[in-house]
Amino acid sequence: MQRIAIVGVTGRVGSRLARELLARGHRVTGIARNTADVPPQAGLSLQSADASRSESLAPALAGHDVVVSAARFDGGPSAQVVVDAVRAAGVPRLLVVGGAGSLEVAPGVALIDTPEFPEAYRAEAAAGRAFLQALRDVADLDWTFVSPAAVFEPGERTGVFRVGGDSLPVDAQGRSAISMEDYAIAFADEIERPAHPRQRISIGY
């Protein structure tokens with residue numbers, strides 16, 4: 001049993017991570033600016049904090065074994081704010097819900113840099129890439145950045161997926177996808193059995 005703080009617990013991914021981790025018997029603290037709409041769950045405690053300020057976030061993170069950042073990148077806390085808060089709280093591990101935009105579709109070519117990348121997702125993807133680049137300069141924390149496949153929506157919990165590295169995961173039919181439910185399984189697996197310290201990993205079918 002680990003004590004896990006989830007920043008952004010009210011979001012679609014954060015709520016599913018909380019559900020998966022609670023089902024595995026972990027103690028979860030859900031952190032958001034407003035937690036009033038989060039339903040009560042056994043093992044879940046809630047804390048309101050302004051994640052954009054490390055001095056507000058750090059006290060909410062103290063006493064945990066792992067911090068999960070599931071907040072948006074565009075308009076959410078910067079990597080510096082999150083890292084500073086985790087350091088100040090004395091938590092040794094940080095796992096980040098990443099994006100697909102910074103994954104490579106060819107050597108040195110990120111998905112965000114391809115002509116067909118949707119403009120509507122560009123700001124979020126660019127902020128996510130900047131967050132990852134900042135993390136790669138952090139040597140004093142055990143961090144892992146977990147990028148989903150390109151199509152990332154609520155769906156079925158199958159327990160079948162592949163874990164990769166910096167390349168965009170694509171299945172035999174050329175589709176890059178993962179359900180949020182299966183992503184949560186892979187993410188929780190990495191928390192329980194750390195295998196990728198200071199690395200980015202990708203999750204897809």
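**View 1. Contacts of Asp171 in a predicted model.** Leaving aside neighbours within four places in sequence, Asp171 is in contact (heavy atoms within 4.5 Å) with Arg162 and Tyr205. This is a predicted model, in which local features need pLDDT of at least 70 and side-chain atom pairs count only at pLDDT 80 or more, while totals for chains, interfaces and linings use all residues. Residues are numbered from 1 along each chain as its sequence is written, and side-chain values use heavy atoms, with hydrogens and water left out. Asp171 lies in the loop between strand E10 (162-164) and strand E11 (177-179); helices (H or I, at least four residues) and strands (E, at least two) are DSSP runs, numbered from the N terminus. Asp171 and Tyr205 are 34 residues apart along the chain, and their C-alpha atoms are separated by 5.9 Å. The side chain of Asp171 also reaches the backbone nitrogen of Gln173 at 2.9 Å. Asp171 counts as partly exposed because its relative accessibility is 22%; buried means under 20% relative accessible area, exposed over 50%, and partly exposed in between (1.4 Å probe, protein chains only).

**View 2. Arg198 and its positive phi.** Arg198 sits in the loop between helix H5 and strand E12. Its phi is near 50°, a positive value in a residue other than glycine. With a relative accessible area of 41%, Arg198 is partly exposed.

**View 3. The largest nonpolar core.** A nonpolar core is a set of buried Ala, Val, Leu, Ile, Met, Phe, Trp, Tyr and Cys residues joined through side-chain atoms within 4.5 Å. The largest one has 29 residues, and those with the most contacts inside it are Ile6, Leu17, Val68, Tyr183, Phe187 and Ile191. Strand E1 (3-7), helix H1 (12-23), E4, E5, helix H5 (180-192) and strand E12 (199-204) each supply at least two residues of this core. Its largest share, 7 residues, comes from H5. Beyond four places in sequence, Ile191 is in contact with Gln2, Ile4, Leu21, Val66, Val68, Arg93 and Leu95. Apart from this core lies another, of 27 residues, among them Ile31, Ala85, Ala89 and Val91.

**View 4. Helix H3 and what covers it.** In helix H3 (residues 79-89), the buried residues include Ala79, Val82, Val83 and Val86. Their cover includes helix H2 (54-61), strand E4 (66-69), strand E5 (93-97) and helix H4 (122-135). Just after H3, Gly90 takes a positive phi of about 75°.

**View 5. Ser69 in strand E4.** Ser69 is placed in strand E4. Ser69 counts as buried because its relative accessibility is 3%. Not counting residues up to four places away in sequence, Ser69 touches Val7, Val82, Leu94, Leu95, Val96 and Val97.

**View 6. The largest pocket.** On a 1 Å grid over the protein atoms alone, a pocket is an open set of points where a 1.4 Å probe fits, with protein on both sides within 12 Å along at least five of seven lines; lining residues have an atom within 4 Å of a point. The largest pocket holds about 1200 Å³ of space, a volume being the space filled by probe spheres set on the points. Of its 47 lining residues, Arg72, Phe73, Gly98, Glu124 and Phe152 lie nearest its centre. H1, strand E2 (27-32), H4, strand E8 (142-148) and strand E9 (151-153) are the elements that give two or more residues to the lining. H4 provides the largest share, 5 residues.

Definitions and conventions:
Polar contact = N/O pair within 3.5 Å; in protein donor to acceptor, adjacent residues only side chain to side chain.
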